[in-house]
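Here is a short briefing on one chain. Read it alongside the sequence and the model.

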Amino acid sequence: MELTKRSNGSEWETEAAVDQQILFKMGNEYYGLSISLVREIIKPLPITRFPKSPPYVEGVIDLRGRILPIINLRKMFDLEPLEETDDTRFVDLQLDGLNIGIIVDAVSEVMNIPQNVIEPAPPIIAGVEGKYLHGIARLNDKLIMLLDVNEIFGQWKKK
């Protein structure tokens with residue numbers, strides 16, 4: 001824990017800087033996204049498919065009058081396909097100039113991750129290209145891969 005000096009010179013404790021992340025699972029792995037990007041988490045809705053879309057673009061959904069493209073991260077990351085379960089969720093993300101939904105196997109929790117437990121991502125990790133990760137957190141005996149949404153979705157963001 002860091003110590004910070006008060007203006008009168010005495011010391012008092014402050015919390016180390018933390019990133020608030022939503023944790024979700026794909027397979028046995030945990031991934032994290034900044035909670036500030038998450039608009040909502042919903043149960044899967046019917047998807048309207050588009051012909052000639054990249055394989056990882058499932059299509060679009062009508063979310064209360066809003067058209068939301070749905071991306072399958074499993075396909076994008078070249079992970080084994082998995083059938084939808086009762087735990088499957090769509091995560092509605094609000095990025096700079098882009099609204100997009102991602103399919104995840106299950107949402108785990110919201111967690112405050114201290115920045116001092118986040119390490120830079122190696123170039124290649126378990127089939128997921130390192131460029132899609134901004135770091136890996138080691139927390140409670142599990143590794144959490146923190147996604148870099150700018151790298152993953154930057155090609156679609158409005159300039």
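Buried means under 20% relative accessible area, exposed means over 50%, and partly exposed lies in between (1.4 Å probe, protein chains only). T48 has 49% relative accessibility, so it counts as partly exposed. This is a predicted model: local features need pLDDT of at least 70, side-chain atom pairs count only at pLDDT 80 or more, and totals for chains, interfaces and linings use all residues. Residues are numbered from 1 along each chain as its sequence is written, and side-chain values use heavy atoms, with hydrogens and water left out.

**Overall**
- The chain holds two helices and 15 strands. Both are DSSP runs numbered from the N terminus: helices are H or I with at least four residues, strands are E with at least two.
- Of the 159 residues in the chain, 40% are buried.
- Accessible areas come from the Shrake-Rupley method with a 1.4 Å probe; for residues, only the protein chains shown count as cover.
- Among contacts (heavy atoms within 4.5 Å) with a separation of 6 or more, 51% join residues 24 or more positions apart.

**T48**
- T48 sits in the loop between β5 (38-42) and β6 (57-63).
- Beyond residues up to four places away in sequence, T48 touches E58, G59 and V60.

**K25**
- K25 belongs to strand β3 (residues 18-26).
- Its relative accessible area is 25%, so K25 is partly exposed.
- Neighbours within four places aside, K25 contacts Y30, V104, D105 and A106.
- K25 and S108 are 83 residues apart along the chain, yet their C-alpha atoms are separated by 6.8 Å.

**Negative patch**
- E83, E84, D86 and D87 form a surface patch of negative charge. Patch residues have over 30% relative accessible area and no salt bridge, and like charges are joined within 9 Å.
- A salt bridge puts a side-chain nitrogen of Lys or Arg within 4 Å of a carboxyl oxygen of Asp or Glu.
- D86 lies in the loop between α1 (73-76) and β8 (89-95). At 74% relative accessibility, D86 is exposed.

**Positive phi**
- R64 is not a glycine, but its phi is positive, about 50 degrees. R64 is in the loop between β6 and β7 (66-72), and it is exposed at 65% relative accessible area.
- D78 also has a positive phi, near 65 degrees. D78 is in the loop between α1 and β8, and its 70% relative accessibility makes it exposed.

Definitions and conventions: Patch = residues over 30% accessible without salt bridge, like charges linked within 9 Å, V, L, I, M, F, W, Y side chains within 5 Å. Lys, Arg positive; Asp, Glu negative; His and termini not counted. Charge placed at Lys NZ, Arg CZ, Asp CG, Glu CD.
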